[in-house]
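Here is a short report on one protein chain. Keep the 3D view open as you read.

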Amino acid sequence: MGIRHLARQRAIQLLYALEFSAPQEAREDVERRFLAADKLHRRGWGPFARTLARQTWEHREALDAAIRPTLRRWTLERLPVLDRICLRLALCELAYFPDI
């Protein structure tokens with residue numbers, strides 16, 4: 001498994017945790033707890049995973065606005081959480097990572 005593949009997995013896991021965290025809780029606090037919860041989470045957690053998770057989370061409103069018009073007979077809120085996260089992450093990589 002490539003390092004970017006593993007980094008994407010870790011970013012998705014953190015984004016999933018962020019979806020269910022308290023609205024007032026800082027992303028950094030959730031990330032700290034995520035990494036402390038299991039030593040396995042630290043494997044693959046490097047600059048790419050951190051930046052990907054951060055960019056996806058910070059730009060989620062803009063990413064959602066780009067995704068909404070493409071949905072047919074679905075609303076973004078009705079999509080399963082994991083599907084919504086994967087769509088955001090993929091679009092984020094295309095929009096904010098020039099080397100992708």
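## Contacts and core

In this predicted model, Leu18 touches Arg27, Val30 and Trp57, leaving aside residues up to four places away in sequence. Leu18 also belongs to the nonpolar core described next.

The largest nonpolar core has 21 residues. Leu14, Leu15, Leu18, Trp45, Leu52 and Leu89 have the most contacts inside it. Helices α1, α2, α4 and α6 each give two or more residues to this core. Its largest share, 6 residues, comes from α1. In soluble globular proteins, nonpolar side chains tend to be buried together.

## Helix α1

Helix α1 covers residues 3–19. How far does α1 reach from its first C-alpha to its last? The 17 residues of α1 reach 24 Å, close to the 24 Å expected at 1.5 Å a residue.

Several residues of α1 are buried: Leu6, Ala7, Arg10, Ala11, Ile12, Leu14, Leu15 and Leu18. An α-helix has 3.6 residues a turn, so residues three or four places apart point the same way.

Is Tyr16 buried or partly exposed? Its relative accessible area is 39%, so Tyr16 counts as partly exposed. Together with Phe20 and Leu82, Tyr16 makes a nonpolar surface patch of about 320 Å².

## Salt bridges

Side chains of opposite charge can pair when their charged atoms come close. How many salt bridges does a search of the whole structure find? The search finds 11. Three of them are listed here.

| Salt bridge | Closest N and O atoms |
|---|---|
| Arg84 and Glu19 | 3.8 Å |
| Glu31 and Arg50 | 3.3 Å |

Start with Arg84 and Glu19, which form a salt bridge. Arg84 lies in helix α6 and Glu19 in helix α1, so the pair ties together parts that are 65 residues apart in sequence. Arg84 has 10% relative accessibility, so it counts as buried. Glu19 has 24%, so it counts as partly exposed. Both residues also take part in a network of salt bridges that links Glu19, Asp64, Arg84 and Arg88.

The Arg50 pair links distant parts of the chain. Glu31 is in helix α2, while Arg50 is in helix α4 (residues 47–58), 19 residues apart. The Arg27 pair stays within helix α2 (residues 27–37). Arg27 and Glu31 are 4 residues apart there, about one turn of the helix.

How covered are these side chains? Arg27 and Glu31 are both buried. The relative accessible area of Glu31 is 9%, so it falls under the 20% limit for buried residues. Arg50 has 30% relative accessibility, so it counts as partly exposed.

## Glu93 in helix α6

Glu93 lies in helix α6 (residues 81–96). Why does Glu93 count as buried? Glu93 counts as buried because its relative accessible area is 6%, and the limit is under 20%.

Which residues does Glu93 touch, not counting those up to four places away in sequence? They are Arg8, Phe48, Leu52 and Ile100. Leu52 is 41 residues from Glu93 along the chain, yet their C-alpha atoms are separated by 7.3 Å. Leu52 is also one of the residues with the most contacts inside the largest nonpolar core.

Conventions
Residues numbered from 1 in each chain as written. Predicted model: local features only at pLDDT ≥ 70, side-chain atom pairs only at ≥ 80, totals over all residues. Heavy atoms only, no water. Buried < 20%, exposed > 50% of the residue type's maximum accessible area, 1.4 Å probe, protein only. Contact = heavy atoms within 4.5 Å. Patch = residues over 30% accessible without salt bridge, like charges linked within 9 Å, V, L, I, M, F, W, Y side chains within 5 Å. Areas by Shrake-Rupley, 256 points an atom, 1.4 Å probe, with all protein chains shown as cover. Salt bridge = Lys/Arg side-chain N within 4 Å of Asp/Glu carboxyl O. Expected span 1.5 Å × (residues − 1). Core = buried A, V, L, I, M, F, W, Y, C linked by side-chain atoms within 4.5 Å.
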